[in-house]
Amino acid sequence: MGTSAVGSLVLAYFVGPQIWQVAQKYNLYTLGDYLDMRYSRYFRGLIALMMAVGTLALFAGQLIGIAWILWAVAGVEKTIGIIIGAMVTTLYFAAGGLLSAAIVNILEVAVIFAGFVIAAPYALNFVGGFSGLEKLIAQNAGSAEAARYFRWDGIGLTTIIGYFLMLTPSFFISPGLIGKVYGAKDIGAVKSGTAWNAIVQFGFAFLPALLGMCAYAIFPNLSQRELALPVAMKELMPFWVSALALAAIFAAEVSTADAVLYMLATSITKDLYKTFINPHVADANLLKTSRMVSLVSGLLGVGMALLLPNIITALSIFYSLMAASLTAPLLFGLFSIRPTTTAAFASAIVGVATTIALHFGNQGKGLWILNAQSTGILASIVVMVVLMYVAPAKKPVAGRP
């Protein structure tokens, strides 16, 4: 969440205002529209295909999260919980689109923040404050492990750098977030709305981690670690706080799920269907197609949620594909005239191929202390920078304000 907040600040003050001006100037509706104009329709199609796979995985991750909450609250079996989550998010998004997502997200962020702000002190009090938390974790894991557990770099530099390089750019290149930036009435709205989002993310970053630590202190042998937050919120606080806190987790999952459906709908209908299959489709028919895509995506998301082992795996697929393929083409293309279509293709393909090769061929390890995702992202940036200067664009390009 902390690295996501940094990415949101970059979106608020650098990428967002710049790409909003481009969208206004050229009447763009999606990130795919921008990639088409700045590079080519084929590059747009390549990114859309990769995003469709990654976004389905992300949607599946949110459905798994919803299912675990329903299991903790009402004992709902995981498969049924996944289906319920898919029905709720798919139906209201298909009915109302981006506007419904925006309105629901405002309600959700209020519930999320209130739930976690109220729940954290109750959980901490239950374990006897910070001193009690330290003692319990030392009892569970031993003093050496407990000391590592409380260090800022306890998860290791490789993981921290991996999160930073994977999640920071993801929050200023995400098609879902760029689409919401396009919807702003002016640059002031882009900056203020996105900056407030970053502030909430910074504040929110500490609360789930604190609750997770309390959960580990009380339930060190929890068989399914993805149940840590729901179980902590159910067992460590009074009923009314528990109800609000569980609603907060549910809201967090649903708010991400509708943004994911937006990305899926636009990638498939605008970036693939309209661009390559039916360029002259009327807006009314495109809307119908988008709703059908949302419903089909809901069904596919259910299938993927049943296949993927856990939430982290689902999220990593999406963020790795997006950051490795889009960071360099979007960032350099937006602020420089040098990148060519060839450079965009090369950087995206090298970034994704490096990530996949290291993930499966080197057990997820990358160069030095980097993991596979970090190495792939940096490889993409290096390829882009080299080609920008070895073979720069010969003439001015569209796609800049």
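Predicted model: local features only at pLDDT ≥ 70, side-chain atom pairs only at ≥ 80, totals over all residues.

Visitor: How many aromatic pairs does the structure hold?

Guide: There are nine aromatic pairs.

Visitor: What makes the pair of Tyr39 and Phe43 edge-to-face?

Guide: Their ring centres are 5.3 Å apart, and pairing asks for centres within 6.5 Å. The planes stand at 70°, and an angle over 60 degrees counts as edge-to-face, so that label applies to Tyr39 and Phe43. Together with Phe345, these two residues form one aromatic cluster.

Visitor: Why is Tyr39 called buried?

Guide: Tyr39 has a relative accessible area of 7%, and buried means under 20%, so Tyr39 is buried. Phe43 is buried as well, with a value of 0%.

Visitor: Why is the pair of Tyr42 and Phe276 called tilted?

Guide: The two rings lie 6.1 Å centre to centre, with 45° between the planes. Stacked needs under 30 degrees and edge-to-face over 60, so the pair is tilted.

Visitor: Which parts does this pair tie together?

Guide: Tyr42 sits in helix H3 (residues 41-74) and Phe276 in helix H11 (residues 239-277), so the pair ties together parts 234 residues apart in sequence.

Visitor: How do you know whether Tyr42 is buried or exposed?

Guide: Its relative accessible area is 53%; exposed means over 50%, so Tyr42 is exposed. Phe276, at 32%, counts as partly exposed.

Visitor: What lies over the face of Tyr42?

Guide: That is Arg41, at 5.3 Å from the ring centre; the distance cut-off is within 6 Å.

Terms used: Residues numbered from 1 in each chain as written. Heavy atoms only, no water. Phe/Tyr/Trp six-rings, centres within 6.5 Å; stacked < 30°, edge-to-face > 60°. Buried < 20%, exposed > 50% of the residue type's maximum accessible area, 1.4 Å probe, protein only. Helix = DSSP H or I, 4+ residues; strand = E, 2+ residues; numbered from the N terminus. Lys NZ or Arg CZ within 6 Å of the ring centre and 35° of its normal.
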